[in-house]
Amino acid sequence: MRRQCNLNFGWQYSPEESGDRWEDISLPHTNREIPSGYFDDGICSFVSRYRRTLYLDKQEGKVYRLCFEGISSYAKLYVNGRYVCEHKCAYTDFYADITNFVKNGENEILVIVDSTERADIPPFGGVVDYLCYGGIYRDAWLIVTDCVYIQNVYCYSVSPVRERDLTVEIALAGGNAEVKVILLDGDHKIATAGSQSKDGRARTRFLRLPVELWSVSSPKRYTVRVYAGEDEYTLFYGFREAKFTAEGFYLNGERLFLMGLNRHQSFPYVGYAMPRNAQIEDADILKYTLGVNIVRTSHYPQSRHFLDRCDEIGLLVFEEIPGWNHIGDDAWKEQTLKNLYDMIIRDRNRPSVVLWGVRINESEDDHDFYTRTNALAHSIDSRQTAGVRWKPHSEFLEDVFAINDFVPLYEEPPLRDPHLETGLDCDVPYLVTEYMGHMFPTKITDNEERLARHALRHAEVQNLARSNRKISGAIGWCAFDYHTHRHFGTNDKICYHGVMDIYRNPKYAAFVYASQRSVKEGLVFEPATIWAFGERDIGGVVPLYIYTNVEEVVLEIAGRESMTYYPAKDKFPHLPHPPVIIDKMPETWGCTWQDGTLIGKIGGKEVVRREYSSNPLPDRLELTCATKKAAKGDSVRFTVRALDHKGNVMKYFDEIVSIRVNGGRLVGRSEIALQGGMYTFWVIADGNGAVSATAEGARLKAGRAEIGLSEYESHYSL
Ligand code: GAL
């Protein structure tokens with residue numbers, strides 16, 4: 001039997017290469033917490049050590065392996081004082097066979113972690129527009145198996161829509177075994193087959209299975225359980241056909257426009273080191289809050305928890321290799337090929353992943369190198385490949401032409417013509433993988449006019465992309481603001497490129513995406529205003545964009561009905577839900593500023609209303625908890641918002657708020673200033689009961705928010 005033990009707890013950490021300074025920590029861990037802004041961009045760039053005692057009841061004939069899911073960016077492993085092996089990538093699994101190094105009883109594990117930006121490890125060698133932090137920042141495991149064990153399992157369907165077929169390829173380590181594969185729908189067995197492996201390989205094929213397809217609206221997954229000798233391995237599989245064509249993207253034979261955002265996996269204070277819940281919640285934010293159907297894991301393989309959730313909820317993924325603009329020497333390229341291999345082997349069973357990014361983001365052409373990355377990807381998986389470029393006419397070696405189409409705001413149209421970008425005289429599968437970003441950095445604290453312009457451009461790009469069937473989709477830059485190096489971002493070293501801030505709180509642009517869903521999936525009604533006369537240049541709140549999926553909007557001023565407005569189909573004919581635009585209002589300089597009410601209607605009936613006071617006054621701090629369950633070591637996310645007496649966020653409320661927590665450790669500071677009237681914080685549960693928080697300001701108090709704890713469950717994939 002396979003035994004898999006979580007090793008997140010019981011570590012000691014030393015921020016030094018040598019010496020006796022150790023502190024007790026648990027994983028995920030960042031080698032150094034960083035301030036919320038104005039940090040040194042080399043703050044995490046040093047060598048540190050992690051150690052842990054491992055008690056084993058060592059048995060003959062067993063194999064003992066360690067797996068570290070993410071160490072940034074280089075690790076050397078020692079067991080009982082002896083060097084075992086190294087790993088050179090911040091984003092791929094580090095497996096180490098420690099069988100010959102461990103003994104019965106107490107063993108000492110030591111990991112030396114080099115988080116300096118080493119030019120031999122992608123993405124480093126040039127400049128990089130993001131921080132890679134440091135430390136053992138994902139989960140760690142001990143895996144105990146017999147000598148013959150399942151090394152990896154590969155599931156694929158050649159014709160999922162027509163044949164409902166499934167092939168399962170199993171690679172064994174340590175010899176041969178009887179192999180059995182069972183396909184289950186929950187607990188219900190659907191099919192089973194057995195074979196004897198040869199040369200450490202076995203293959204099973206099922207045809208015409210009674211299964212449903214996996215899709216974004218119905219992400220049905222089945223369980224594949226593989227037995228080989230004494231070993232057992234389980235994964236989830238979804239039957240689906242994903243295809244980029246010159247006429248757009250098709251999922252299970254149906255055209256689907258891909259509306260997406262890029263995601264960096266960074267968080268305030270701890271960078272990458274956020275546990276499972278935070279990863280799951282990011283996928284949920286993308287799918288349910290922002291309403292996108294695809295995410296690009298820019299620019300590296302991301303957390304298994306994040307991707308598991310994408311599979312589970314039906315969020316498509318474009319996953320790419322680590323890298324940013326720079327291509328290094330031959331050894332660097334070999335490392336990239338290894339990263340690509342590790343990424344695909346880890347994630348090729350995922351229904352959510354529809355595209356492999358096999359080119360270093362925005363790098364120059366390199367014919368031989370990219371011929372090799374494409375060939376490698378195709379040799380281990382049948383998915384299509386893409387190479388994200390910024391340069392028009394660059395060599396097209398992949399299956400999908402992917403381009404970062406950054407058009408400045410003073411240029412129209414907001415996207416370039418695919419033919420001009422490809423330089424080819426025929427149509428090819430085409431995907432826009434970035435737009436906006438540094439063309440118009442926007443903070444959640446910026447004034448209304450800028451935030452509204454930011455949102456509008458996102459809407460303009462999405463509208464234009466949908467107008468052209470040759471464009472498979474458009475993935476904006478980006479979901480969340482992120483920490484960066486001095487060569488990018490503002491002088492606090494943050495790139496304010498997100499449609500949400502780094503705390504995952506929305507700017508108006510977030511609602512451009514959110515409002516494209518049907519009302520059945522959730523009513524959205526978000527006027528891009530704080531309703532103040534003197535916020536914008538010259539004054540007033542027009543043009544006022546309301547991002548919504550209602551059918552009409554009534555504006556009342558001072559309680560009197562004034563006008564009805566409709567979605568701007570003329571300006572945004574291709575958006576499922578164009579914004580409602582109010583472009584005239586009677587207010588002028590020196591007149592009295594009045595209360596306003598916006599009423600959303602469907603079928604002539606009021607479904608939502610937003611009231612604005614001309615004299616907003618602080619009313620309360622609202623504290624909510626987005627997390628439903630957490631186990632020891634997992635995160636719980638709370639958001640505090642300063643509201644006026646009409647329930648609107650007071651964007652410029654800058655009083656200090658004190659946060660107190662119980663049942664866990666607060667990530668970041670306990671005395672904070674709200675940003676844009678909001679602040680989100682995470683608590684790492686200590687596993688001793690409920691996690692709760694309070695937030696309190698000098699003028700405002702908030703209630704307590706609390707959640708319970710549950711067992712730590714984990715699904716593990718090789
Ligand atoms: C792109 C790059 C992204 C990010 C973005 C900012 O060129 O691929 O990583 O830097 O610019 O707009």
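Predicted model: local features only at pLDDT ≥ 70, side-chain atom pairs only at ≥ 80, totals over all residues.
Student: Why is Tyr269 called buried?

Tutor: The relative accessible area of Tyr269 is 6%. Buried means under 20%, so Tyr269 is classed as buried. Tyr269 sits in the loop between β23 (258-262) and α1 (276-289).

Student: What makes the phi of Tyr269 worth noting?

Tutor: Phi of Tyr269 is positive, at about 65 degrees, although Tyr269 is not a glycine. Most residues other than glycine have a negative phi.

Student: Which label, buried or exposed, applies to Ile538, and how do you know?

Tutor: Ile538 has 85% relative accessibility. Exposed means over 50%, and therefore Ile538 counts as exposed. Ile538 also has a positive phi, near 70 degrees, and is a residue other than glycine. Its place is the loop between β33 (525-527) and β34 (544-548).

Student: How do you know whether Tyr38 is buried or exposed?

Tutor: Its relative accessible area is 57%. The cut-off for exposed is over 50%, so Tyr38 is exposed. Tyr38 is found in the loop between β3 and β4.

Student: Which residues does Tyr38 touch beyond four places in sequence?

Tutor: Tyr38 touches Asn491 and Asp492. The C-alpha atoms of Tyr38 and Asp492 are separated by 4.2 Å, although these residues are 454 residues apart along the chain.

Student: Why is the pairing of the side chains of Tyr38 and Asn491 called a polar contact?

Tutor: The distance between the side chains is 2.6 Å. A polar contact requires a pair of N or O atoms within 3.5 Å, one able to donate a hydrogen and the other to accept it.

Student: What makes Asn277 a buried residue?

Tutor: Asn277, in helix α1, has a relative accessible area of 8%. That value is under 20%, and therefore Asn277 is buried. The side chain of Asn277 reaches the backbone oxygen of Ser635 at 2.9 Å. Not counting residues up to four places away in sequence, Asn277 touches Thr627, Lys629, Ala630, Asp634 and Ser635.

Student: Why is Leu54 called buried?

Tutor: Leu54 lies in strand β4 and has a relative accessible area of 4%. As buried means under 20%, Leu54 is buried. Beyond four places in sequence, its contacts include Leu7, Leu66, Ile98 and Leu142. The C-alpha atoms of Leu54 and Val102, 48 residues apart along the chain, are separated by 9.1 Å.

Student: Which members of the largest nonpolar core touch the most other members?

Tutor: Leu286, Leu290 and Tyr547 do, in a core of 66 residues. Apart from that core lies another, of 61 residues, among them Trp477, Tyr482, Ile502 and Ile684.

Student: What makes these residues a nonpolar core?

Tutor: Members must be buried residues of listed types, Leu and Tyr included, joined through side-chain atoms within 4.5 Å. Leu286, Leu290 and Tyr547 are members of the largest such core, and therefore each of them counts as buried. Leaving aside neighbours within four places in sequence, Leu290 is in contact with residues including Leu261, Ile285, Val499 and Met500.

Student: Which residues are closest to the ligand?

Tutor: Of the 13 residues that surround the ligand, the closest are Asp129, His299, Trp324, Glu362 and His438. The shell divides into 4 nonpolar, 6 polar and 3 charged residues.

Student: How do you know that Asn404 is within the polar-contact distance of the ligand?

Tutor: A polar side-chain atom of Asn404 lies 3.5 Å from an oxygen atom of the ligand. The limit is within 3.5 Å, so Asn404 stands at the limit itself. For Asn361, the distance from a side-chain N or O atom to a ligand oxygen is 2.8 Å. A polar side-chain atom of His438 lies 2.5 Å from an oxygen atom of the ligand.

Student: How much of the ligand does the protein bury?

Tutor: Taken alone, the ligand exposes 310 Å², and the protein buries 95% of that.

Technical notes: Residues numbered from 1 in each chain as written. Heavy atoms only, no water. Buried < 20%, exposed > 50% of the residue type's maximum accessible area, 1.4 Å probe, protein only. Contact = heavy atoms within 4.5 Å. Near = heavy atom within 4 Å. Areas by Shrake-Rupley, 256 points an atom, 1.4 Å probe, with all protein chains shown as cover. Nonpolar A, V, L, I, M, F, W, Y, C, P; charged D, E, K, R; others polar. Helix = DSSP H or I, 4+ residues; strand = E, 2+ residues; numbered from the N terminus.
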